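Here are my notes on the chain you sent over. They are set out as numbered points, to be read with the structure open.

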Amino acid sequence: ELGIADNTIVIYTTDNGPWLPFKNHGGSAYPLRNGKMSTYEGGQRVPTIMWAPGRIPAGTETNEIAAMMDLIPSIAKLSGADFKPRGPIDGLDISELMHGKGPSPRNEFLYYRRGDKPDALRQGDWKVRHAGPTKKNNNKKRVLELYNLAEDIGEMNNLATIETEKANALLKRMEELDAVITEGIRPRGELKK
């Protein structure tokens with residue numbers, strides 16, 4: 001009715017998986033494991049629907065890795081905004097992916113849960129978790145898990161003891177990325193009264 005469809009992108013998504021303590025009212029991520037506040041796919045992977053007639057190919061689907069923080073540079077580029085962040089940002093431009101013209105520039109994603117240490121890293125189809133103490137493991141130790149998400153989207157078959165080389169390589173990469181992020185943390189600004 002407003003005549004702006006050719007100059008509009010509608011994006012529908014959410015920031016996390018279902019809030020499982022609310023049972024039926026909290027939703028379900030099935031077949032994904034777990035929900036909100038978890039670094040399993042059920043807590044992190046969310047549906048996203050985009051609409052832009054003539055620009056985003058109708059009926060297309062993708063399983064490429066992207067994140068909410070990728071929307072900022074992507075929308076800025078697509079809108080022609082003069083995007084000048086005050087420092088480096090973690091978002092990547094996924095506008096080519098959105099338009100069905102290329103893959104996501106993001107091949108890996110680091111997952112933090114609580115505190116300042118990462119719990120997991122996804123790289124392509126592989127995901128390593130080195131999660132901290134939980135009630136399930138009696139708060140004793142960090143648990144090493146490795147999943148091939150292409151074959152096990154529900155993260156039920158832990159391959160860490162079988163694919164030890166892969167698990168160790170991903171753990172090393174997780175530590176490298178965490179060090180880069182830690183080094184790049186900007187100081188918090190002072191609040192003005």
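1. A residue is called buried here when its relative accessible area is under 20%, exposed when that area is over 50%, and partly exposed in between. By that cut-off, the buried residues of helix α2 (residues 71-79) are L71, P73, S74 and A76. The model is a predicted one, and the points below should be read with that in mind.

2. What covers α2? The cover over its buried residues includes β1 (10-12), β2 (49-51) and α3 (95-98). After the helix comes G80, which has a positive phi, near 75°.

3. Overall layout. The chain has 4 helices and 6 strands, and from the N terminus the elements run β-α-β-α-α-β-β-β-β-α. Along the principal axes, the C-alpha atoms fill a box of roughly 60 × 45 × 35 Å. Of the 193 residues, 33% count as buried. Among contacts with a separation of 6 or more, 49% come from residues 24 or more positions apart.

4. The accessible surface of the chain is about 13,700 Å², and carbon and sulfur atoms contribute 53% of that. There are 28 positive and 26 negative side chains, with the centres of the two sets 8 Å apart.

5. Strand β5 and its neighbours. Strand β5 (residues 126-131) is mostly covered, with 5 of its 6 residues buried. On one side, 4 bridges join β5 to strand β4 (residues 118-123), and the two run antiparallel. β4 and β5 form a hairpin with 2 residues between them, and G124 in the turn has a positive phi of about 60°. R122 has K127 in β5 as its bridge partner. β5 also pairs with strand β6 (residues 143-148), again in the antiparallel sense, over 6 bridges. In that pairing A131 stands opposite V143 of β6.

6. The structure holds 11 salt bridges. In one of them the side chains of E145 and R129 meet at 2.7 Å, N to O. This pair links distant parts of the chain, with E145 in strand β6 and R129 in strand β5, 16 residues apart. E145 and R129 are both buried.

7. E41 and its partners. The side chain of E41 forms a salt bridge with R45 at 2.9 Å, N to O, and another with R122 at 3.8 Å, N to O.

8. Is E41 buried or exposed, and how do its two partners compare with the cut-offs? E41 counts as buried because its relative accessibility is 1%. R122 has a relative accessible area of 9%, so this residue is buried too. R45 has a relative accessible area of 26% and is therefore partly exposed.

9. E41, R45, R122, K127 and E155 are linked in a network of salt bridges. Two of these names return from point 5, where K127 is the bridge partner of R122 in the strand pairing. When checking this region, E41 can be taken as the place to start, with its contacts to R45 and R122 described above.

Conventions. Residues are numbered from 1 along each chain as its sequence is written. This is a predicted model: local features need pLDDT of at least 70, side-chain atom pairs count only at pLDDT 80 or more; totals for chains, interfaces and linings use all residues. Side-chain values use heavy atoms; hydrogens and water are left out. Buried means under 20% relative accessible area, exposed over 50%, partly exposed in between (1.4 Å probe, protein chains only). Two strands pair if DSSP finds at least two bridges between them. A salt bridge is a side-chain nitrogen of Lys or Arg within 4 Å of a carboxyl oxygen of Asp or Glu. Contact means heavy atoms within 4.5 Å. Accessible areas come from the Shrake-Rupley method with a 1.4 Å probe; for residues, only the protein chains shown count as cover. Lys and Arg count as positive and Asp and Glu as negative; His and the chain ends are not counted. The place of a charge is taken as NZ of Lys, CZ of Arg, CG of Asp or CD of Glu.
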